[in-house]
Amino acid sequence: MQGRIAFISEHASPLSEPGGVDCGGQNVYIDHLACHLGRLGYYVDIFTRWDDPAKKRIVKYRPRVRIIHVRAGERKHIPKENLLQHMDEFCEDMVGFIKNSHFGYQVVHAHFWMSGYVAACIRRMLGIPFVITFHALGKIRRLYQGAADGFPDARFAVEEMIVRTADRIVAECPQDKEDLMIHYYAQEEKIRMIPCGFDSAEFYPMDKGKCAEKLGFTPEERVILQLGRMVPRKGVDNVIRATARFLRKRDMPVRLVIVGGESETACPIATPEIARLRAIAEEEGIHDRVVFAGRKRREELRHYYNAADLFVSTPWYEPFGITPLEAMACGIPVIGANVGGIKYSVEHDKTGFLVPVNDPEILAERMWEILCNPPLQRSFKARAIQRANQLFTWESVAREMSALYQEMTADKVVALPLRQFERDGQYQHMN
């Protein structure tokens, strides 16, 4: 047994379906990292806000992984931008749970800034060391989103406090590390760069023709795929405009498929961003070439990736970005914005191309280079699969994170005997 880790993720639960406004890469990260830490022998409890009275307090989720629902505000959905006021209640309830359960957590791993606030309070109250993965930094978000950023200004001071008090900080890519040091004066010796990952059991090359047929695409179509949360900063409008420019210059049967949203079928009422994007497709005259597929289950996504000829992701900014990894693992060339983690995961001119943000003309030209050059596609495919599997599997991420936990707790850990968990009965089925 490796030990016990407490994850805090106040708004992003593995039980949520990715693709919605408040549900994306962080949910996937926590789900897969916890699962793979469990395979390494850790016990992981994921503390997340109790947002639905129908949910149980404790959910046995995966082998050696539980989800603990924490009282913080009304048991209903609250946008993450409005959650800071409930974090003291979150902390109080979590501390009470820890004391009452007598579980000796080695490390608290906080995910996102509000979880970091709770972790810092727990460190002060209980003496448990903590590590923080921010997943996004408030000062960087504000630089790109300006007035559209709905988080309070108090976020900046809270993040600065977390950077000062955290025992370790996980940077997901070189840009993340640089931003932490320049904008938050983080000490370099506290930072460990550990990327996000993909699950090789979920995403791998499949027969393109069969996947296309399964999804109703015709054999002669070239499919451009955009997949992710339906929010303006993801730059889906840029992909639509680039596709329109491509089609105005080249006669080719192209379909742009956009996956994501708050419902399984694309609904502009449930997902207002879809209404805005549909209007852009109409304005550009390509509404008949754009398919809004809605939110899809994890097990369906591999078929969309493998049916595609090209994956495009051009957000304004991106702390890391898991979807390009998943596309690369399936052997799909990626055109990504030259920002954040994408410029780290996508190797320019080897696994795809990096392009400027919000430049549909250049994006259209790069689309043409890939779609009209089968040898280049084959070269990108081979290198994408190799790079994804060498550098970005969840197995390797979990091993690196385990080494970090061991570093944090060296010579300090007194593990509770496994029989205490067996008496409690909560973990018994996981052994």
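## Tyr-305 and the nonpolar cores

Leaving aside residues up to four places away in sequence, Tyr-305 touches Phe-203, Leu-225, Leu-227, Phe-311, Thr-323, Glu-326, Ala-327, Cys-330 and Ile-332. The model in which these contacts are found is a predicted one. Tyr-305 belongs to the largest nonpolar core, which has 61 residues. Phe-7, Tyr-29, Leu-33, Leu-225, Tyr-305 and Tyr-405 are the residues with the most contacts inside this core. Helix α15 (residues 394-409) gives the core its largest share, seven residues.

Another core, of 47 residues, lies apart from the largest one. Among its members are Val-108, Ile-128, Ile-132 and Ala-171. In soluble globular proteins, nonpolar side chains tend to be buried together.

## Helix α3

Helix α3 has 14 residues. From its first C-alpha to its last, α3 reaches 20 Å, close to the 20 Å expected at 1.5 Å a residue. The helix is mostly covered, with 10 of its 14 residues buried. The buried residues of α3 are Trp-113, Met-114, Ser-115, Gly-116, Tyr-117, Val-118, Ala-119, Ala-120, Cys-121 and Ile-122.

The elements that cover these buried residues include β1 (3-8), α2, β5, β6 and α5. After α3 comes Gly-127, which has a positive phi, near 75 degrees.

## Helix α5

The 12 residues of helix α5 (residues 154-165) should span 16 Å at 1.5 Å a residue. The end C-alpha atoms of α5 are 17 Å apart, which agrees with that expectation.

Buried residues in α5 are Arg-155, Phe-156, Val-158, Glu-159, Met-161, Ile-162 and Val-163. They pack against α3 (113-126), β6 (130-133), α4 (138-145), β7 (168-171) and α6.

## Aromatic pairs

The count of aromatic pairs comes to 13. One of them joins Phe-47 and Tyr-105 in an edge-to-face arrangement, with 6.0 Å from centre to centre and 80 degrees between the planes. This pair links distant parts of the chain, 58 residues apart: Phe-47 is in strand β2 (residues 42-49), and Tyr-105 is in the loop between α2 (87-101) and β5 (107-111). Phe-47 counts as buried because its relative accessibility is 0%. Tyr-105 is also buried, with a relative accessible area of 7%.

The rings of Phe-246 and Trp-368 have centres 6.0 Å apart and planes at 50 degrees, so this pair is tilted. Phe-246 lies in helix α8 (residues 236-249) and Trp-368 in helix α13, so the pair ties together parts that are 122 residues apart in sequence. Phe-246 has a relative accessible area of 0% and is therefore buried, whereas Trp-368, at 29%, is partly exposed.

## The cluster around Phe-97

Phe-47, Phe-97 and Tyr-105 form one aromatic cluster. Phe-97 is placed in helix α2. This residue counts as buried because its relative accessibility is 11%, and the cut-off for buried is under 20%.

Not counting residues up to four places away in sequence, Phe-97 touches Phe-47, Arg-57, Ile-58, Arg-66, Ile-68 and Tyr-105. Phe-97 and Val-70 are 27 residues apart in sequence, while their C-alpha atoms are 8.8 Å apart in space.

## Arginines over tyrosine rings

Two arginines sit over tyrosine rings. Arg-62 lies over the face of Tyr-61, at 4.4 Å from the ring centre. Arg-233 lies over the face of Tyr-317, at 4.7 Å from the ring centre.

Most residues other than glycine have a negative phi. Tyr-185, a residue other than glycine, has a positive phi, near 55 degrees. Tyr-185 lies in the loop between α6 (174-184) and β8 (191-193). With a relative accessibility of 71%, Tyr-185 counts as exposed, because the cut-off for exposed is over 50%.

Asn-358 also has a positive phi, near 55 degrees. Its place is in the loop between β14 (352-355) and α13 (360-371). Asn-358 counts as exposed, at 55% relative accessibility.

How values were computed:
Residues numbered from 1 in each chain as written. Predicted model: local features only at pLDDT ≥ 70, side-chain atom pairs only at ≥ 80, totals over all residues. Heavy atoms only, no water. Helix = DSSP H or I, 4+ residues; strand = E, 2+ residues; numbered from the N terminus. Buried < 20%, exposed > 50% of the residue type's maximum accessible area, 1.4 Å probe, protein only. Phe/Tyr/Trp six-rings, centres within 6.5 Å; stacked < 30°, edge-to-face > 60°. Lys NZ or Arg CZ within 6 Å of the ring centre and 35° of its normal. Expected span 1.5 Å × (residues − 1). Contact = heavy atoms within 4.5 Å. Core = buried A, V, L, I, M, F, W, Y, C linked by side-chain atoms within 4.5 Å.
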